[in-house]
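Work through the exercises below with the model open. Each task is followed by a stepwise solution.

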Amino acid sequence: MRLLVSLYTVSSFLFLAVTAYPGGKIIKSPPLQSDTGIKPIPDKRHPYKAPGPNDLRGPCPGLNTLANHGYLPRSGIATFEEIVTAVGEGFNMDHDLASGIAAFAMLARGNAYTNQISIGGPTDKIPALPGNIDGNVTKGLATHGRFEGDVSMTRRDAAIGDNVHLDPQLFQQLLDNVALYGNDSDVTGPKSVVSYKAMQEFKYERYLDSLANDPVLEYHFGRFVLSYGEASFTLNFFANGTDGVLSTDTLKSIFQNQTFPANWHRRGNPGTIQLIGDGVDMVLSAHPEAVPGVKINGTFVPDPTGDPCGLYKDIGVNTVPAVLVNTTGVLKKNVDFLLQSIHNLFPNCTFTLPIGAAGI
């Protein structure tokens, strides 16, 4: 009987906290792009401006670059709609892919009630969720776990270094692989084009480095695919749309300076989840011995593989906090919309409510 009373009390508290909390904003899908072809980026309306001392930046060079050019708010605080529109305009990302990624980011590290997310760390400009149901602070994309994770391309694992800012040594390691395995260009010179071979070897080196040096490596299937997805995204969305070439000059511009390079054009057609998936398969194909898993007491334990819905289950079900389902009003409507946006990327998987932990 006491258990039932306790459960009723908790449920009532959550209901009152959510319904009485002011400032909720309904999240809606932004309009589809009217122009999905190649075009120069940035345009005259989006000049580069270095971020100010109070502007938020985080681990994603693509989002940082979009904010530095004003495609995203220069403050680094964005809505779901602003992220979907910005990655579509700047990189020509497919609307469904952009919506699914933005939805996961918002549910994992944003405030789905006020429709705000920091592309960097926590800020007092974004409140906690009603009733502090996911902790007393909205943590932002730079916070380790859920969205940001281990074995990134140019950031250290959180347990062994700086997981937010570009590490010059790791970036040089990427350039060294291009010098060994890259392609030649009449424009940018010999071994100046990032090839799949260069990315294959670099990503495998990063995997081996984390495997050897991170005592608490968290590389479950979802993070495993997303980390290889970073490589696929770089190859497919950072390449110049005029010739499909990703040069080391472009890498330096976006990764180091976080600005679009001169004479750069976005890709000529919207990049879809199929494009990213094919790229992941290509980068992984050279070293299939790289597998997902987690270190337990210092020993790497591989994850089970073979589930075609494994990515959906890991990010959309296991990672998103379960407490978001037990809400009402604006927050409930937004959560339902965002969960559906994730599931839209996996139409052959059974829609499942999230079971992730809160407050982490």
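## Exercise 1: H7 against H9

Solution. 
- Step 1. Sort by class. The contact of H7 with H9 holds 12 nonpolar and 4 polar residues, and no charged ones.

## Exercise 2: H7 against H10

Task: describe how H7 packs on H10, and state which residues make the contact.

Solution. 
- Step 1. The axes of H7 and H10 come within 8 Å and cross at roughly 105°.
- Step 2. H7 and H10 are therefore roughly perpendicular to each other.
- Step 3. H7 contributes Phe221, Gly222, Arg223, Val225 and Leu226, while H10 contributes Gly310, Leu311, Asp314 and Ile315.
- Step 4. The classes in the contact of H7 with H10 are 5 nonpolar, 2 polar and 2 charged.

## Exercise 3: The second largest pocket

Task: which elements give two or more residues to the lining of the second largest pocket?

Solution. 
- Step 1. The second largest pocket has a volume of about 450 Å³.
- Step 2. Its lining has 23 residues; Gly145, Arg146, Glu218, His220 and Thr319 lie nearest the centre.
- Step 3. The elements are helix H4 (95-109), strand E5 (218-219), helix H7 (221-237) and helix H10 (310-319).
- Step 4. H10 supplies the largest share of this lining, 4 residues.
- Step 5. By class, the lining has 8 nonpolar, 8 polar and 7 charged residues.

## Exercise 4: The cavity

Task: how many cavities of 30 Å³ or more are there, and what lines the largest cavity?

Solution. 
- Step 1. The count is 1 cavity of 30 Å³ or more.
- Step 2. The largest cavity has a volume of about 90 Å³.
- Step 3. Its lining residues are Ala108, Arg109, Gly110, Leu129, Asp134, Gly135, Val137, Thr138, Lys139, Arg146 and Ile360.
- Step 4. Among these lining residues, 4 are nonpolar, 3 polar and 4 charged.

## Exercise 5: Confidence

Task: where does pLDDT stay under 50?

Solution. 
- Step 1. The chain averages a pLDDT of 94, and 94% of the residues score at least 70.
- Step 2. Over residues 1-20, pLDDT stays under 50.
- Step 3. Where pLDDT is low, predicted coordinates should not be read in detail.

Definitions and conventions. Residues are numbered from 1 along each chain as its sequence is written. This is a predicted model: local features need pLDDT of at least 70, side-chain atom pairs count only at pLDDT 80 or more; totals for chains, interfaces and linings use all residues. Side-chain values use heavy atoms; hydrogens and water are left out. pLDDT is the predictor's confidence in each residue, from 0 to 100. Contact means heavy atoms within 4.5 Å. On a 1 Å grid over the protein atoms alone, a cavity is a set of points where a 1.4 Å probe fits but cannot get out, and a pocket is an open set with protein on both sides within 12 Å along at least five of seven lines; lining residues have an atom within 4 Å of a point. Grid points are joined across faces, edges and corners, and a volume is the space filled by probe spheres set on the points. Ala, Val, Leu, Ile, Met, Phe, Trp, Tyr, Cys and Pro count as nonpolar, Asp, Glu, Lys and Arg as charged, and the others, Gly among them, as polar. Axes are lines fitted to C-alpha atoms, for helices over the stretch in contact, and angles run from 0 to 180 degrees between N-to-C directions. Angles under 35 degrees count as roughly parallel, over 145 as roughly antiparallel, 65 to 115 as roughly perpendicular and the rest as oblique.
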